[in-house]
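Have the model open as you read.

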Amino acid sequence: MLLSSGWPVLLWMATVLLGLLAPVTMAADIKTSNTFKVLTDSDNMGGSCDSRTTQVDAMVPEIQALITAATDAIDTLLTTPTFSSLAIPSKKKNRERLLLLAKQFFGIKFNRYLKVTSGEGTLQTVKGRFNQITAQINAKDQKWRFGCDDSWVEYTETLKSEYAGMPSGTPITDVPGLGGITRSWAFFDKGGPTLRPEKSDSDDATQMTWYMSQDRGWLAGGPCTGIKKDAPVVYPDAQTLQDQQIIYFCPRLWDDIGTRLKDDVRNYKTTTIATDGTQYLDRYMTPGATLLHEMTHQIFSSADGPPVGLGYFFVSVAQGESKPDQAAMNADSYPYFAVAAYLSQVRWHTGIATTE
């Protein structure tokens, strides 16, 4: 889930072009704590991941494996198959598997010789965006924070620090843009003043990112307790906040995600996956796959729904067959395609594990 005021257009275009044109090699042994400033108890700002250090640090390596599978799949599809390669049953079967995936998720077309005949540009775009995420992982700049709950924000009815020239203690109702007749409180980013040294604490624009108003739809108990904005209350698994430079997970993702797996998708690479209609691709969207979803928001401002994207879960991702442009900007399309490419022992293009 993305909350953002958006990147400047020129910067966005430049990063996309760099991702499309520059080959990116995946660096080895990069942990999540190398890529992000993973919050700990010692930061004294909430959102601590101390109780989940091992699980959190395994997420970026999991993403690396998924991206490698996805980009290798795209490279395979963009290469014209030879008759000799198609004569090998295992290679032909794998190519058919990948073609069906790319057709369902990104709307490509192919002929009876298993050659892609349209949609190459979409595949190049998708590969380029995966490469952008790889480049961010390789940079290990730790500029973005990663939190394991929403306690890094604090409910407040008065300013906790100076804000655009207004002193600490000013009632939120008196703060333009935050309060007003119907708004009496806001959330304060407890890490804003201390964990973004590249920005000046005396800069008004920086200070304004320390506060989040009620127009986000967050409930007073915090965003993980629910979001209501012209719709029924929804309960997020995770959120990416561009202005605050943080990705955080909600406890429900760790503790209560229904039938979805809570461990690492790499644990299932060599296992037998049942093809009796009981194994849904949705089930394999692990916390690591969720972080990949969030990183698409971080890196290229992907969308979670129309008109720019498609939406959540396989039922939405599958619409990419007829809406490839939206699929290429849809956050969930990236982990779904990557996981489906990675778990190559079955076919996933229907959203259910099958052999054919």
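E62 sits in helix 4, residues 59-78 (helices are DSSP runs of H or I of at least four residues, strands are E runs of at least two, both numbered from the N terminus). The side chain of E62 does make a polar contact with that of T286, at 2.6 Å; that term covers N or O pairs within 3.5 Å where, within protein, one atom can donate a hydrogen and the other accept it, and sequence neighbours count only if both atoms are side-chain atoms. Setting aside residues up to four places away in sequence, E62 touches D263, D264, V265, R266, T286, G288 and A289, with contact meaning heavy atoms within 4.5 Å.

## How the model was read

This is a predicted model, so local features need pLDDT of at least 70 and side-chain atom pairs need 80 or more, while totals for chains, interfaces and linings use all residues. Residues are numbered from 1 along each chain as its sequence is written, and side-chain values use heavy atoms, without hydrogens or water.

## Pairs that do form

Side chains of opposite charge can pair when their charged atoms come close. The whole structure has 9 salt bridges. One of them joins K127 and D75 at 2.7 Å, N to O. K127 is in helix 7 (residues 120-139) and D75 in helix 4, so this bridge ties together parts 52 residues apart in sequence. D75 is partly exposed, at 31% relative accessible area.

E321 and K103 also pair up, at 2.5 Å, N to O. That link spans 218 residues, from the loop between helix 11 (313-317) and helix 12 (324-327) to helix 6 (residues 89-106). E321 is partly exposed at 33%, and K103 is partly exposed at 30%.

D237 and R252 meet at 2.1 Å, N to O, and together with R260 they form a network of salt bridges. D237 counts as buried at 17%, whereas R252 is partly exposed at 31%.

Methods. A salt bridge is a side-chain nitrogen of Lys or Arg within 4 Å of a carboxyl oxygen of Asp or Glu. Buried means under 20% relative accessible area, exposed over 50%, partly exposed in between (1.4 Å probe, protein chains only).
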